[in-house]
2 protein chains.
Amino acid sequence: MLTPPETEPLTPEDRTLMGPGPSEVHPRVLRVMSAPLVGHLDDSFIEIMNEVQDLLRYVFQTENQWAIPVSGTGSAAMEAAFANVVEPGDTVLVPTNGYFGGRMASMAERAGGEVAYVDAPWGEPLKPAVVEDAFHQHDPDIFGFVHAETSTGALQPNVPELTDIAHEHGAYVIADSVTSLGGVEFRVDEWDIDVAYSGAQKCLSCPPGASPLTLNDRTMEKVLNRDTEVRSWYLDLSLLEGYWGDDRSYHHTAPITNIYALREALQLVAEEGLEARWERHEAMATQLKQGLEALGLELNPEDEYWLPSLNAVRIPDGIDESALLSDMQADHNLEVASGLGDLEGEIIRIGCMGYSARTSNIELVLYALEDALRNQGYEP
Amino acid sequence: MLTPPETEPLTPEDRTLMGPGPSEVHPRVLRVMSAPLVGHLDDSFIEIMNEVQDLLRYVFQTENQWAIPVSGTGSAAMEAAFANVVEPGDTVLVPTNGYFGGRMASMAERAGGEVAYVDAPWGEPLKPAVVEDAFHQHDPDIFGFVHAETSTGALQPNVPELTDIAHEHGAYVIADSVTSLGGVEFRVDEWDIDVAYSGAQKCLSCPPGASPLTLNDRTMEKVLNRDTEVRSWYLDLSLLEGYWGDDRSYHHTAPITNIYALREALQLVAEEGLEARWERHEAMATQLKQGLEALGLELNPEDEYWLPSLNAVRIPDGIDESALLSDMQADHNLEVASGLGDLEGEIIRIGCMGYSARTSNIELVLYALEDALRNQGYEP
């Protein structure tokens, strides 16, 4: 017999989480994580499933029948969207303005799609005229865009203009709302979005593991009438229809505890009110932004596409970014994150999401950041 | 604005879980589920990842470098195995003796494989001579088998004979250990298994959401030298290598809390000792079996392939199975399950897994089952 390793009791570090996610989890959500399990086919769990679906419709602002938690973290919901909607031979238009457009491309290709690109620099949103041109050039069947780019802190404004362009060309629209859902205005029905997905661990402040996805009937009709099977059994919505649809029959075991947690996190959104929550995120991020400006720092995005839930802060000349981050962690037990891709080394990313979007956390970030900057001789 | 639904505080039913999973979660595991989160790239989380990997090696009884929790429930680990190992054009041999062989076939096909079958009746194990014949007939590249069939309660004996046959024919072996890992003797290295996967919510008694997977170097070499990309981005082990390998660089957000829970559940296995745990499962299931026999009932499998963790009990003539199950739930708050597939209506399935494998639960099952049988006029 191979012998077991020696391990100590689990004592995770007590970090203040102000990075790009996970955000801090609300105590009420942590509490339901320790509730005993019921079976994934138990009548009482089916009632919880119904409630989660109703709450998801509310936070997505949709009357779609299809609103479910995918059994994995945000990228699983993202892949469920692309793997089901994209059929071999479909052309999929994706953006080049951040990390997650690249991930869309990879998922679309693996689903058998042809990828075309609509360009914008990293850190800037797509311009409707450029999207229109890309539609004329590529005639895509599916258009994916990122509403809130976690890698750059850029918000995509003008969403209804983009969806209008796509629908005039007969395409389906898939929106990434990973860093906006429950924190920044996002409206599936009013903005005419066909498919949207998100993660639990950002503005919903829930542990990752069950991830929101919604599709309208028009798109589900495409999914249910595919010529070829979806390339993932686990994420095949035509099979998941048996579990999350009327039958409630077995497909795979749902992540029961994560569903409990998501229900509680969504209920907290409902209790606060979605509009009030959007306002709180903006107010807290404004406090952060003003504090950053008082330190002589500036955000990377212009005001018109500033993303309150994820603040990309330009690093002043001569400052070593990785020392900045490690000092904030070592001296203040605080997590913020570095830049990615084209913006690596140029920005740090400060989240302002869900339960983490509160005054005491903002004040700690400002204090710790000033302290870490001064360690490198920076004077505000 | 669409308005939120009315929901009450979460109060899951207090069920005794003696079905095919989830089993009851140990109080220590429930407790760590409510620990605050750290980031999925935090140094302290990377240490937890290392510990989970060491503990997984122990429960799998392997020295494989590759032992990871897949970010989803058991079927995600299963699909990770097939989606990565099967390349388009590979022939995949799967069994017909239970529900999960069929799922293997579907996953293999979606990965681009050609499926061939090795036959045994539902509820019986594969015979080595029949496997040998199937190898001669189909010359498969990959052979999948189910070590512990949750749908039928049948254990696959003679595993080293099966892996020998496969390796003599140059094939890779994928073993489903969903209902055996941590509860029934299972040895990856000694039995020369190339790939094995499992779930968390069976004999490990952990909430589902992060699922054990291991591959040996020979198989990882095949995966890392594929001609075509894996058809799932989320489950692509060549990308996950960046996160779970030496780099610890970002791929997707891990289900942090589920990893905490899995660590604690695996640590409980290590503290009890794997062999002692196998013995406990067998002793508890023996107590159950004797009690069932005293009620005049019999198990569906022969003794030589009886699966202690999942007991398939034949329903006596004239007994209405669904009334039996609903009476046990209504009168005793107890979950056991019906049969599936070819054995639907013929058996009920009683789990004896992990923390649920204890005397008080066995006694409740026997008491409740007798009571429910008497409701239908059955006299032991």
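I began with a sheet of chain A, where three strands form an open arrangement in the order β11-β14-β13, with antiparallel pairing. Because β11 (310–314) and β13 (337–338) of chain A stand at the edges and each have a single partner strand, one side of each is left without a neighbour in the sheet. I note here that the model I am reading is a predicted one.

I then looked at the pairing inside this sheet, and found that β11(A) and β14 of chain A, residues 347–351, pair in the antiparallel sense over five bridges. For one of the contacts I looked up the residues themselves, and L310(A) has G351(A) in β14(A) as its bridge partner.

The largest pocket has a volume of about 910 Å³, and of the 39 residues that line it, L41(A), Y250(A), A337(B), S338(B) and R349(B) lie nearest its centre. The elements that give two or more residues to this lining are α2 (43–60) of chain A and, from chain B, α3 (74–85), α4 (99–110), α11 (321–332), β12 (334–335) and β13 (337–338). I recorded α11(B) as the element that gives the most to the lining of the largest pocket, with five residues. By class, I noted 13 nonpolar, 16 polar and 10 charged residues in that lining.

For the second largest pocket I wrote down a volume of about 790 Å³. Its lining holds 38 residues, and the closest to the centre are P20(A), A337(A), S338(A), R349(A) and L41(B). Here the elements that give two or more residues are α3 (74–85), α4 (99–110), α11 (321–332), β12 (334–335) and β13, which belong to chain A. The most is given by α11(A), with five residues, and the lining of this second largest pocket divides into 14 nonpolar, 16 polar and eight charged residues.

My last entry concerns strand β5 of chain A, residues 142–146, which is mostly covered, since five of its five residues are buried. I checked which way they point: I142(A), G144(A) and V146(A) point one way from β5(A), whereas F143(A) and F145(A) point the other way, and all are buried. In a regular strand the side chains alternate between the two faces of the sheet.

On pairing, strand β3 of chain A, residues 91–95, and β5(A) run in the parallel sense over two bridges, and L93(A) has F143(A) as its bridge partner in β5(A). β5(A) also pairs with strand β8 of chain A, residues 172–176, in the parallel sense over five bridges, and there the bridge partner of V146(A) is D176(A).

Methods
Residues numbered from 1 in each chain as written. Chains lettered and ligands numbered in written order. Predicted model: local features only at pLDDT ≥ 70, side-chain atom pairs only at ≥ 80, totals over all residues. Heavy atoms only, no water. Pairing = 2+ DSSP bridges. Helix = DSSP H or I, 4+ residues; strand = E, 2+ residues; numbered from the N terminus. 1 Å grid on protein atoms, 1.4 Å probe; cavity = no way out; pocket = protein on both sides within 12 Å on 5 of 7 lines; lining within 4 Å. Points joined across faces, edges and corners; volume = space filled by probe spheres on them. Nonpolar A, V, L, I, M, F, W, Y, C, P; charged D, E, K, R; others polar. Buried < 20%, exposed > 50% of the residue type's maximum accessible area, 1.4 Å probe, protein only.
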